[in-house]
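Trainee: Could you walk me through this protein model? I would like to learn how to read it step by step.

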Amino acid sequence: MTALDVPRPAWMTEDLVLLEEQARRFMRAEFSPHVDRWHEDGAYERETWAKAGAAGLLCASMPEEYGGAGGSFAHEAVIIREISLAGFDAFGAPLHSAIVAPYILRYGTEEQKRRWLPKLATGELVGAIAMTEPGTGSDLQAVRTSAKKSGNGYVLNGAKTFITNGQHANLIIVVAKTDPSERAKGVSLMVVETDDAQGFRRGRKLRKLGLDAADTSELFFEDVALPAANLLGHEEGQGFVQLMSELPQERLIVATHAMAMMERALELTIAYVKERAAFGRKIIEFQNTQFVLAECKTEATIAKVFLDHCIGRHLAGELDTTTASMAKYRLTDLLGTLVDRCLQLFGGYGYMDEYPISRLYRDARVMRIYAGTNEIMKLLIARGL
Ligand SMILES: Cc1cc2nc3c(=O)[nH]c(=O)nc-3n(C[C@H](O)[C@H](O)[C@H](O)COP(=O)(O)OP(=O)(O)OC[C@H]3O[C@@H](n4cnc5c(N)ncnc54)[C@H](O)[C@@H]3O)c2cc1C
């Protein structure tokens with residue numbers, strides 16, 4: 001399913017085409033039938049994770065020795081797109097598989113990788129990353145959550161908010177200060193296994209403008225005792241550097257997701273305007289409709305070519321933060337415009353919740369805000385001018 005005619009990029013191997021087909025079949029059979037209910041309930045079930053894990057759709061880029069499928073970011077990109085094309089934009093799997101697991105793979109000790117990655121791959125563990133606090137978001141170096149040395153371990157105190165997978169997660173990477181007198185140099189990544197964590201509390205599942213089924217939440221840590229082995233990696237003070245080096249991939253995940261939402265919006269709109277009639281003609285027969293959709297398709301095609309180029313560079317280990325920031329900023333901005341224009345072609349039905357275009361419109365809004373706001377993207381791009 002796609003409204004675009006962009007040829008497959010060179011990185012899309014036969015193996016990935018098969019993954020795409022398998023993921024699409026799985027989504028259609030297992031997830032699509034429930035998406036409306038999850039949306040109505042404002043939640044999806046915890047078993048969803050185990051189902052995705054059993055279908056090989058979690059941690060596809062993790063090495064096989066740690067329970068993954070031994071793939072690359074291309075595998076994650078294919079899966080992210082299929083989740084979105086199936087209308088399950090609220091599923092926190094992209095963050096779990098392509099953000100949380102890579103932190104552990106890249107910076108974790110051998111023991112940490114063996115302990116956590118196989119369970120993330122099955123969905124027994126659901127991952128989250130807790131950076132944002134009520135008092136700080138964009139200015140990550142100013143986090144107040146602290147991890148103080150105590151005996152052989154640490155004691156964690158602080159509050160986090162807007163955390164994706166906040167209700168389901170039982171493995172949370174918490175951005176904390178091991179040295180509060182420092183800014184970037186004082187930041188460390190602490191891993192909290194919540195199942196037995198005394199002093200850990202989940203706050204509200206937050207009510208939001210969109211992504212209704214997503215369990216975005218507040219989290220509280222009050223004197224949570226952590227063993228030294230839960231500091232990610234071998235050394236304190238590395239958190240900020242670790243966060244920064246993973247940014248290109250995080251930005252690419254959001255860009256990939258935004259692209260899939262544009263494809264879906266176009267597909268739904270083209271189908272609708274071919275069906276609906278006014279003044280004795282199909283809506284698609286009005287020149288305005290044709291021009292709007294011609295413009296949307298052109299912009300989306302350019303975006304897809306750029307995204308494919310960025311993914312190719314990332315797979316070659318050559319994607320810089322500036323280019324990744326361009327992809328995140330431009331594609332999420334374009335998504336906002338494109339969905340708005342598509343919705344207009346639905347008339348009043350576009351405003352009705354049961355029409356997926358209305359959900360796409362709401363769900364799209366956050367993409368300009370999270371994973372670094374688009375203003376922060378522009379700051380990063382401007383630094384290289
Ligand atoms: C649905 C959802 C899911 C999320 N998931 C997670 C998650 O899993 N983990 C997590 O840690 N966080 C998550 N977030 C938080 C998100 O990353 C932050 O909201 C975002 O980084 C912005 O931080 P803030 O909300 O504190 O805004 P602020 O930093 O207060 O920014 C407010 C405004 O000021 C602008 N601004 C800030 N600094 C500058 C500057 N230097 N120059 C110009 N403009 C500036 C911003 O662009 C923005 O427009 C999520 C948020 C949402 C809404």
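This is a predicted model: local features need pLDDT of at least 70, side-chain atom pairs count only at pLDDT 80 or more; totals for chains, interfaces and linings use all residues.

Trainee: Okay, how many residues does the largest nonpolar core have?

Mentor: The largest nonpolar core has 121 residues, and those with the most contacts inside it are Phe91, Tyr103, Leu120 and Leu156. A nonpolar core here is a set of buried Ala, Val, Leu, Ile, Met, Phe, Trp, Tyr and Cys residues joined through side-chain atoms within 4.5 Å, and buried means under 20% relative accessible area, with exposed over 50% and partly exposed in between (1.4 Å probe, protein chains only).

Trainee: And which helix gives the largest share of this core?

Mentor: That is helix 8, residues 247–275, with twelve residues; helices (H or I, at least four residues) and strands (E, at least two) are DSSP runs, numbered from the N terminus.

Trainee: What does Phe91 touch?

Mentor: Not counting residues up to four places away in sequence, Phe91 touches Phe31, Tyr44, Thr48, Trp49, Ala52 and Ile83, where contact means heavy atoms within 4.5 Å.

Trainee: Switching topic, how many disulfides are there?

Mentor: The count comes to zero disulfides, a disulfide being a pair of cysteine sulfur atoms within 2.5 Å. Cys342 is in no disulfide, and the nearest cysteine sulfur, that of Cys296, is 4.6 Å away.

Trainee: Is Cys342 buried or exposed?

Mentor: Cys342 is buried, with a relative accessible area of 1%, and Cys310 is buried too, at 0%.

Trainee: Now the loops: where is Leu211?

Mentor: Leu211 sits in the loop between strand 6 (200–205) and strand 7 (217–227), and its phi is near 45 degrees, a positive value in a residue other than glycine.

Trainee: Why point that out?

Mentor: Because most residues other than glycine have a negative phi.

Trainee: What about Phe279, is that residue buried or exposed?

Mentor: Phe279 is exposed, with a relative accessible area of 81%, whereas Leu211 is buried at 12%. Phe279 is found in the loop between strand 8 (277–278) and strand 9 (281–282), and the phi of Phe279 is near 50 degrees, again a positive value.

Definitions and conventions. Residues are numbered from 1 along each chain as its sequence is written. Side-chain values use heavy atoms; hydrogens and water are left out.
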